Every structure is written in structure tokens, then in C-alpha cells.
Amino acid sequence: MKYIWIIAWLTVFTNCAIADNKGDIVVAADGTGDYISLTEAIDHLPFYNYQRLVIFVKNGVYNEKIRIEQDYLTIRGESRDSTIIQYAQLREDWQKNRDYIGPAVINIHADDIILDNLTIRNTQPRLGPHAFTIYGTGTRTIITNCNVTSNGGDTVSLWNYKEGMYYHDNCCFEGGVDFVCPRGWCYISNSSFKELMNTAAVWHAATTNKNQKFVLSNCEFMGVDSFYLARHHYDAQFYFLNCIFPSEMRDKSIVHVFYPDKPEKSRPYLYGDRYNFYNCNRKKGNYLWFANNIDSSSAAKISPEWTFDQKWNPEDTSSIKVVKAEYENQSLFLWFDEIVMPVGDLKIQTKSGKVFSYFNGVGRERFEFKGENTLTEEELQQEFELVSGTIQSIKATVKPRTFK
């Protein structure tokens, strides 16, 4: 019975239109949506997602913390400042009394997750102790157009130290010590950072791969008097490009934390200091330690795709492509260059005008289409055109990628 329910559920959401900004599932605290809480909506998701699903969250305050375990999920708010997910959670309290949900307001244990147009805040009142707002162990995590705040440290803790890749744009981050602290690869652009304590604002760890890096481009920092920019305990690699620093930031370079009196506490440090700056400015005069040490041509090459070593391009807008076509027993099989999903009433046609309707293959690289016509080898080699619906990538990108 459960299997039948999941198939029916997938069929419903396969027919959702990509242009529907309100998503596949609507959460509304006032009861006007499908569910009144994110917890309830996530609990009703199938165990495996074979396509990207969008949870649209209407304006309101949602006092809950959530755990995401299904890949390919987008959570999008109606309004950045008025769609608020909040919870009070100290990490030390969670460690003393662990629940399954996790130590943060949003706990991500899945890949290809997108958070967009939201305010997410940890409302515990203490200044300083670890108080995660977003914690994650997945990869290809996107956070865009969001306010993410905490009074404590480690506000955004995405900690897949082996494979983690994270992209954030147009966000406001706020917290105490190390309040944005990725492990792995991270690219942040057009965002602000507000430090609430006179300690380090950002932190990085590149523990298993020399190429892991943390790039901050066109970002602005602010904070209390004498805060400093960054620190790290493990190997790390920082790039600050076109960033603005406030007069309150102290004259203190990025700090490598080690323990000369307790060497057993110090982490391996194989690659030395890797602190890169280009065109950064402090409002009341620059310090020597963030003078340019990369040239303009090198800085121009630094992009999200470069940051992630060509493994992922979250800003990719290229079209999905057919790489192989076969015909057998009135079924047309198309292989694409990545995992895809059907959207709407998907139909395609050959150059000769023969129409085929989508039959199955959601969440795979191969789709099967059914039709009344036979196809020649010559027709299989020609381009196919959409009649209705579309074909969409399910991998996380800022804008949906489709077959054109």
C-alpha cells in the first residue's frame, strides 16, 4: 500500500508546472496551505526524492527546528524578512540531551538542498557559545537571499569536510565567533557579515584536499570594535575579493590557531598560510596584511566553478543535452547528460513531426517515451523538440536548468 501511495504522490508532483513559483507543497502557519509547519511537510515527503521538490513557505513565524534527509529539496519563503524559521538551541544543551533532529535550526543531511528568500535564526539569547542556525553534512548546498543569524558562534556550519561544496549569494550572516565556518569548498558573493563579538568572523577548514578553498567575493563586513577577520585550526585557503571592511576591524591578520604548550591539540598543518586578497578596502584606511597578493587577471578567473574545481557550477544556465537515442517496441529512449525530471505534460517530437509522450524515468539519466509511430535510424540522429512540458535538471543550481 505504501508503494502505491508513493507512486501516486510522484505522479501528482511530476505534473507541477515549473513556472509555478509557489512550489509543489505550500506551508502556511494560518492553515491556508497544505501543512501548517515545515516539520509536517517534510514528514510527508517520500523517503527518496526522484525529482526536485519545492516547499513554498508563506509569511509567518515558524517556531520549529527541522531535519532534511531527502535530496533535491528547495525551501523558498514568500518574503525574505517576513518568512521566519526560528528556534532556540544551544549546541551544549543538545549534546546533553540529543534529539534526532539535530543541534541547529535547520539540519541538512542531504545533497542538492536550496534555501531561498527566508529569515532563519537561532533565538537562544547567550552571546558566544556554539549556537548553530544551519548545520549540514551534505554537498551542493545553496543559500540565497536569506538572513541567517545567531547570538552564538558557528551560525552557518556546513561540515562535509570530504566532499562539501556550498554556494551562498545575497545573504546577511550574523553571529559570534567563527559564525560562517565551512569545511570543504565554499563560495559566497554579494553578502554581509556582522560580527557580534571582538573575535574572528569567519573560519575555514581544508582537511582532506589541498584544493579546498573559501572564496568571499563582493562582501561587506561589519561588527563590534576590535573584531578581526578570520582564523583557522586546520589547513585552510582563503580568498577575499573586492570586500569592504569597517573601521572597527582590528589590525590583525588571519590567525592560524595552534597550541605550542599542548601539541596534541594542534591539527596537521601541511601547506602553510594561504591567505589571498584582491581589491579589498577598509573604510578608515587599509592594513598591510590584506594588500593585493594576486593580480587582476588571476582574480578575474575566480568563479564558483573555479572554486569547486569544475566539479559543480551553481550558476550554470546551459541547456540539458540528449547524448543518445534508441527506439524499441514503440518506445523512444533518450539519454541525457545528467539526472533529470519531467515537468508538466511532457511531450516531444522529431524533426519529421512524430510525437511521443513521457512514460517513465524520473530521477534518472534516461527517459522512456511512448508513441504510435516507428522511428528510423536517421530520425534518431536528428534533434528532438518539446511539444509541451519541459525536462529539468534536479541538481542544485541558482536557476533551474532545462532542455531547450
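## Salt bridges, cores and rings in a predicted model

Let's start with Lys-354, which is partly exposed at 22% relative accessibility (buried is under 20% relative accessible area, exposed is over 50%, and partly exposed is in between, with a 1.4 Å probe and protein chains only). Its salt-bridge partner is Glu-379, with the closest N and O atoms 3.2 Å apart. Here a salt bridge is a side-chain nitrogen of Lys or Arg within 4 Å of a carboxyl oxygen of Asp or Glu. Glu-379 belongs to helix 6 (residues 377–380), while Lys-354 sits in the loop between strand 30 (331–349) and strand 31 (355–360), so this bridge ties together parts that are 25 residues apart in sequence. Helices (H or I, at least four residues) and strands (E, at least two) are DSSP runs, numbered from the N terminus. Glu-379 itself is buried, with a relative accessible area of 9%.

A word on the ground rules. This is a predicted model, with residues numbered from 1 along each chain as its sequence is written. Local features need pLDDT of at least 70, side-chain atom pairs count only at pLDDT 80 or more, totals for chains, interfaces and linings use all residues, and side-chain values use heavy atoms, leaving out hydrogens and water.

How confident is the predictor? pLDDT is its confidence in each residue, from 0 to 100; the protein's mean is 94, and 95% of its residues reach 70 or more. Residues 1–20 are another story: pLDDT stays under 50 there, and the model gives this stretch 27 contacts beyond four places in sequence (a contact being heavy atoms within 4.5 Å).

Back to the charges. Side chains of opposite charge can pair when their charged atoms come close. The structure holds 14 salt bridges, including these:

| Salt bridge | Closest N to O |
|---|---|
| Lys-324 with Glu-326 | 4.0 Å |

Glu-69 is partly exposed at 38% relative accessible area. Glu-326 is partly exposed at 37%, and Lys-324 is partly exposed at 39%.

Now for the inside. Which residues touch the most other members of the largest nonpolar core? In that set of 60 residues, Phe-221 and Phe-240 do. A nonpolar core is a set of buried Ala, Val, Leu, Ile, Met, Phe, Trp, Tyr and Cys residues joined through side-chain atoms within 4.5 Å. Leaving aside residues up to four places away in sequence, Phe-240 touches, among others, Val-202, Leu-216, Phe-221, Phe-245 and Cys-280. A second, separate core has 16 residues, among them Leu-334, Leu-346, Ile-348 and Leu-375.

Rings next: there are 31 aromatic pairs. Rings of Phe, Tyr and Trp (its six-membered ring) pair if their centres lie within 6.5 Å; planes under 30 degrees apart are stacked, over 60 edge-to-face, and the rest tilted. Phe-179 and Phe-193 make a tilted pair, 6.3 Å centre to centre with 50 degrees between the planes. Phe-179 is in the loop between strand 17 (172–175) and strand 18 (185–189) and Phe-193 is in strand 19 (192–195), so the pair ties together parts 14 residues apart in sequence. Phe-179 is buried at 0% relative accessible area, and Phe-193 is buried at 0%.

Finally, Arg-183 puts its charged end over the ring of Trp-159, 4.2 Å from the ring centre (the test is NZ of Lys or CZ of Arg within 6 Å of the ring centre and within 35 degrees of the ring normal). Lys-370 lies over the face of Phe-359, 5.2 Å from the ring centre.

Conventions:
pLDDT is the predictor's confidence in each residue, from 0 to 100.
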